[in-house]
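Hi everyone, thanks for coming. Please have a look at the sequence and the structure on the screen, and then I'll walk you through them.

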Amino acid sequence: MDFSLKKYFSLRVAVTVVVLMLAAGCVVLAFPATHGVLRTSVFDGVVWVLLVALAGVTLRACWKHRWVSACFHLGALCVGIGGGITAGYASESRVGLVDSPIAPMEFKQRIVGGDRVTLKHFDIERYPSGMPSQYRTQLFFPEGEREVSVNHPVRRKGFTYYQMSYSKGMDPYGREVLQTELLVRKDPGASIVFAGFGLLVTASVLAALRVEKQA
């Protein structure tokens with residue numbers, strides 16, 4: 001590799017870009033009006049510089065047989081790529097399904113990812129005091145029935161169904177009906193991010209074992 005390129009494919013460049021991205025993230029969190037910065041071509045360019053630098057560091061580590069370092073930087077690269085895919089292609093929508101035997105089907109089902117998803121039943125579990133303790137939604141998918149509840153989402157064909165809340169209403173006969181509120185999210189970059197974190201954890205453990213062995 002030419003010496004003039006080494007300074008760009010280096011850990012120093014990667015760390016510098018990461019620090020700049022963290023600083024930008026802190027500014028966005030402190031000043032929500034600046035959120036549009038994350039959607040600009042300048043920020044995209046910074047992300048590409050980071051990914052190229054990490055790729056270069058990973059290749060250099062492999063070339064020199066520094067496998068722990070290569071594993072660490074490959075993990076960081078996967079997190080960056082997965083995060084970029086999430087930022088560009090993730091989507092989510094709120095879905096309300098009415099739990100009533102007389103509700104028209106268009107209020108009890110939705111088409112998600114080309115498949116029909118139908119509400120079977122919505123239930124609220126309560127503490128002795130009467131306060132809600134858990135929400136449970138029974139859904140029919142083409143392959144069968146599955147339950148979504150708070151902190152227990154359902155993952156299916158790239159979509160994740162989260163139980164959010166519920167609302168109340170009245171049917172034409174004056175009876176109270178409940179509507180379950182779900183969040184349906186599709187995140188194609190999540191698996192890459194998780195794989196990246198797995199590599200980072202693996203590299204950290206290997207590094208700790210090597211230090212302990214040398215001590």
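**A tour from hairpins to cores**

Let's start at a turn: in the hairpin of strand 2 and strand 3, two residues lie between the strands, and Gly-113 there takes a positive phi near 60 degrees. Strands and helices here are DSSP runs, with at least two residues (E) for a strand and at least four (H or I) for a helix, numbered from the N terminus. Two strands pair if DSSP finds at least two bridges between them.

Before going on, a word on where this comes from: the model is predicted, so local features need pLDDT of at least 70 and side-chain atom pairs count only at pLDDT 80 or more, while totals for chains, interfaces and linings use all residues. Residues are numbered from 1 along each chain as its sequence is written, and side-chain values use heavy atoms, with hydrogens and water left out.

Strand 2 and strand 3 are antiparallel and share four bridges. Val-112 has Asp-115 as its bridge partner in strand 3, and Gln-109 has Thr-118. Thr-118 also stands opposite Phe-140 in strand 4. Strand 3 and strand 4 run antiparallel too, joined by eight bridges. Their hairpin has five residues between the strands, and Gly-130 in the turn shows a positive phi of about 100 degrees.

In which order do the strands of the open sheet lie? The order is 2-3-4-5, four strands with antiparallel pairing. At the edges are strand 2 (109-112) and strand 5 (144-149), each pairing on one side only. On average, neighbouring strands of this sheet are turned by 35 degrees against each other, direction ignored; the angles are taken between axes, lines fitted to C-alpha atoms (for helices over the stretch in contact), and run from 0 to 180 degrees between N-to-C directions.

There is more pairing elsewhere. Strand 7 and strand 8 are antiparallel, with 11 bridges, and Ser-167 stands opposite Gln-179 in strand 8. In their hairpin, with five residues between the strands, Gly-174 has a positive phi near 80 degrees. Strand 8 also runs antiparallel to strand 1, with nine bridges; there, Val-95 has Leu-182 as its bridge partner.

Asn-151, which is not a glycine, has a phi near 70 degrees and sits in the loop between strand 5 and strand 6 (154-156). Is Asn-151 buried or exposed? It counts as exposed, at 70% relative accessibility. For these words, buried means under 20% relative accessible area, exposed over 50%, and partly exposed in between (1.4 Å probe, protein chains only). Lys-157 has a positive phi of about 50 degrees; its place is the loop between strand 6 and strand 7, and at 61% relative accessibility Lys-157 counts as exposed.

Let's go inside. The largest nonpolar core has 13 residues, and Leu-139 and Tyr-161 have the most contacts inside it. A nonpolar core is a set of buried Ala, Val, Leu, Ile, Met, Phe, Trp, Tyr and Cys residues joined through side-chain atoms within 4.5 Å. Among the elements that give two or more residues to this core are strand 1 (91-99) and strand 4 (132-141). A second, separate core of five residues includes Val-47, Leu-50, Leu-51 and Leu-54.

Last stop, the rings. The whole structure has four aromatic pairs. Rings of Phe, Tyr and Trp (its six-membered ring) pair if their centres lie within 6.5 Å; planes under 30 degrees apart count as stacked, over 60 as edge-to-face and the rest as tilted. Phe-122 and Tyr-135 form a tilted pair, 6.3 Å centre to centre with 45 degrees between the planes, and both are buried. Phe-122 also forms a tilted pair with Tyr-166, at 5.9 Å and 40 degrees. Phe-122 lies in strand 3 and Tyr-166 in strand 7, so this pair ties together parts that are 44 residues apart in sequence. Ring pairs link Phe-122, Tyr-135 and Tyr-166 into a cluster.

To finish with the whole chain: it comes to five helices and eight strands, and 30% of its 215 residues count as buried.
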